[in-house]
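Trainee: Please take me through this entry, one topic at a time.

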Amino acid sequence: MLAYIIRRMLIMIPTLIAISIISFTIIQLPPGDFLTTYVAQLSASGEGIDQAELDALRHRFGLDQPIYVQYFQWVWNFVRGDFGHSFEWNKPVRSLIGERIALTILISTCTLLFTWIVSLPIGIYSAVRQYSWMDYFLTFFGFIGLATPNFLFALILLWFSYAYLGMSIGGLFSPQFIEAPWSFAKFIDLLKHLWIPVLIVGTGHTAKFIRIIRGNLLDELKKPYVTTARAKGLSETKLILKYPVRVAINPLVSTIGWTLPELISGIAITAVVLNLPTSGPLLLSALMSQDMHLAGSFIMILSILTVIGTLISDILLAWVDPRIRFGARESA
Amino acid sequence: MVPALDVRDLRVHFLLDEGTVRAVDGVSFSVEPGKTLGIVGESGSGKSVIGQSILRIVPSPGKIVRGEILLRMENGQGEPTQLDMAQIESHGRLARSIRGKEIAMIFQEPMNSFSPVHTVGSQIVEALRLHADVSPQEARNRTVEMLKKVGIPQPEHRIGAYPHELSGGMRQRAMIAMALVCNPRILIADEPTTALDVTIQAQIIDLLKKLQEEFGMAILFISHNLGVISEISHEVLVVYFGRVMEHAPVDVLFREALHPYTKALLRSVPGIDTPVRSHLATIEGTLPDPYANIPGCPFFGRCMECEGRTVCRDDPYSLTKVGPRHFVACPRICVADFA
Ligand SMILES: Nc1ncnc2c1ncn2[C@@H]1O[C@H](COP(=O)(O)OP(=O)(O)OP(=O)(O)O)[C@@H](O)[C@H]1O
Ligand SMILES: [Mg+2]
């Protein structure tokens, strides 16, 4: 198992290098460098800057170095936690994105938990009571959930709560907490707002998971090992939870890796509609205003998170499924 | 003497939208402790459903519509009583306390009969701890001992193996260990050797015979292969379309089979003296439509001996005694005015 994890982590290295090159390329894509943009901004506001000062700046930021040196410089800074400077906001990138990324991770994690907690019992019920009216009912709602785009669901929920409940559900914090430092009250306030994006982003995934669990479990319930367990004298509930459900959720464990980026992009769209202080809207505006240090860091960090998510789900899968664990050991 | 298991007029039907499948339609037999009853018949003849109904694990929509499944139990004073398995609640506590404890079952597919994500040992330990009040350590020791008895080398090591790490033969041995770990009085073996190659087949049968001598359980051995059946059985039940065609001690059946269906099955068994490339007789035709309700002989139409006489088709099915322990259901033999 340990050998498997180490091997899996080694595979991550080339992936991360590739991602860093792509992110760096994105930063470098616009013509000129960010000082060109800076000069343009200054002259637009009527101020001037002399060549000596410009060269000094250029030297300070290492922009007079060859491109590969700049790349290594950027990577080195990134590793040390220095993500560069946002010109649109005139702030270090790090101070801009820290909290937003944390909130994005929070929403993704909650959504993932929500998805599992809701879909697992429903999926199991639908499979065990296949073709019961409850199965049909849940299937019907599942398909509606699957077919509704997140932004539409968000708009409907916004309108409904505003029109009928008389409250605005946008944002993640009540107005009095937005600028406030972190406190227990702020945390509680966050939880009060959090369920809305979680519900919106999670519904589609939950519906998909229910279909997958139901389908897998229906296959597994027919397998001889279920009959064996029954012939032993195990009670029906116990045997279903212990054997076929265990096997049926294995493929889902492996999806955690690629649900994460899906969730993050799902959150981005929802966040625009609901005005959430997550990474999505900021990334969108950074891309539109060519604020390339900000955009590049975002892409880099979200990609790293995805890679880590995949790693976690692979390790989980190896942990729950001995066939994968041992296959890995044999070929290693 | 009260037999270990006494099945009387068992009828198990599947009520499907397309019609009723009479998977088992009036089957009776009994089996004594320490003896083996072989159940033989073509695919789809209802052999597995017989085994499943004894354990009360017939998949829905199958229902026991008639009959008794009398299981010999000991009451407190050591006197035998009989429990009708057909009458008890199939998911209930009583049924579950009998499954695995009094009656155990092994299956055809050694590949998928164990959960792939649990160790073989943990699945055997679970069977033991369900029915016996033993500590985990004690359960483990007894599992190792049982694995040793079924001929698994290095049992202390193999107890932690996953099913995919064992060969087919080893898995089937482990299955047998799991079935026998609670020392059941009846073992139902549903085609336990069909998926194995011939040498392993012989080993498994020898093992079952040896364990039967040691533990004294009654065995119901289900197979479509009369050759395999003859190796292990004391008596043989020939079933076709959910009905008993012939029932006889194994030597009688091989010496003087009476039913044309049995004879056809016998002709399809390769003997040691059959030349390797010679053409084995197969039974012409196929089983009748499973939804059909056939009052007479279900073998009518495929039978080589009745020559289309309508009495075979029309005379109601009945099993007739023709010898001390020999029963046959063939109008040609049993109907007095057969013309
Ligand atoms: N779950 C089920 N649903 C519907 N019909 C069934 C079911 N199980 C068995 N049957 C029907 O019952 C009949 C007997 O099946 P059974 O499995 O007992 O045959 P078998 O003699 O064991 O055959 P095989 O040698 O292929 O195992 C068949 O006609 C089959 O179609
Ligand atoms: Mg069968």
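**Two chains, step by step**

Trainee: How much helix and strand is there over residues 194-213 of chain A?

Mentor: That stretch of chain A is 100% helix and 0% strand, with its end C-alpha atoms 26 Å apart. Helices (H or I, at least four residues) and strands (E, at least two) are DSSP runs, numbered from the N terminus. This is a predicted model, in which local features need pLDDT of at least 70 and side-chain atom pairs count only at pLDDT 80 or more, while totals for chains, interfaces and linings use all residues. Residues are numbered from 1 along each chain as its sequence is written, chains are lettered from A and ligands numbered from 1 in the order in which they are written, and side-chain values use heavy atoms, leaving out hydrogens and water.

Trainee: What does UniProt list for chain A?

Mentor: The unreviewed UniProt entry lists "transmembrane region" for several stretches of chain A, including 9-29 and 194-213. Such annotations may be inferred rather than shown by experiment. Over residues 9-29, chain A is 95% helix and 0% strand, and the end C-alpha atoms lie 30 Å apart.

Trainee: And which domains does chain A have?

Mentor: The assignment, automatic or from a database, gives domain 1 (31-82) and domain 2 (96-325) of chain A. Their C-alpha centres are 41 Å apart.

Trainee: What about chain B, and the model overall?

Mentor: Chain B has a mean pLDDT of 90, with 95% of its residues at 70 or more. The model scores ipTM 0.88 and pTM 0.83.

Trainee: How is chain B divided?

Mentor: Domain 1 of chain B takes in 5-102 + 184-338, and domain 2 covers 119-183. The contact between them takes 20 residues from domain 1 of chain B and 13 residues from domain 2 of chain B. Their centres, taken over C-alpha atoms, are separated by 29 Å.

Trainee: Which residues does UniProt list as "domain: ABC transporter"?

Mentor: The unreviewed entry gives residues 7-266 of chain B. Over that range chain B is 37% helix and 28% strand.

Trainee: Which residues of helix 4 of chain B meet helix 3 of chain B?

Mentor: B:Pro136, B:Ala139, B:Arg140, B:Arg142, B:Thr143 and B:Leu147 do, and among their partners in helix 3 are B:Ile124 and B:Leu128.

Trainee: Where is the cis peptide bond in chain B?

Mentor: The cis bond joins B:Ser60 and B:Pro61, with omega about 5°. B:Pro61 lies in the loop between helix 1 (47-55) and strand 4 (62-74) of chain B.

Trainee: What is the phi of B:Asp9?

Mentor: Phi is near 50°, a positive value in a residue other than glycine. B:Asp9 lies in strand 1 (residues 5-16) of chain B. Most residues other than glycine have a negative phi, and most peptide bonds are trans.

How values were computed: Contact = heavy atoms within 4.5 Å. pLDDT = per-residue confidence, 0-100.
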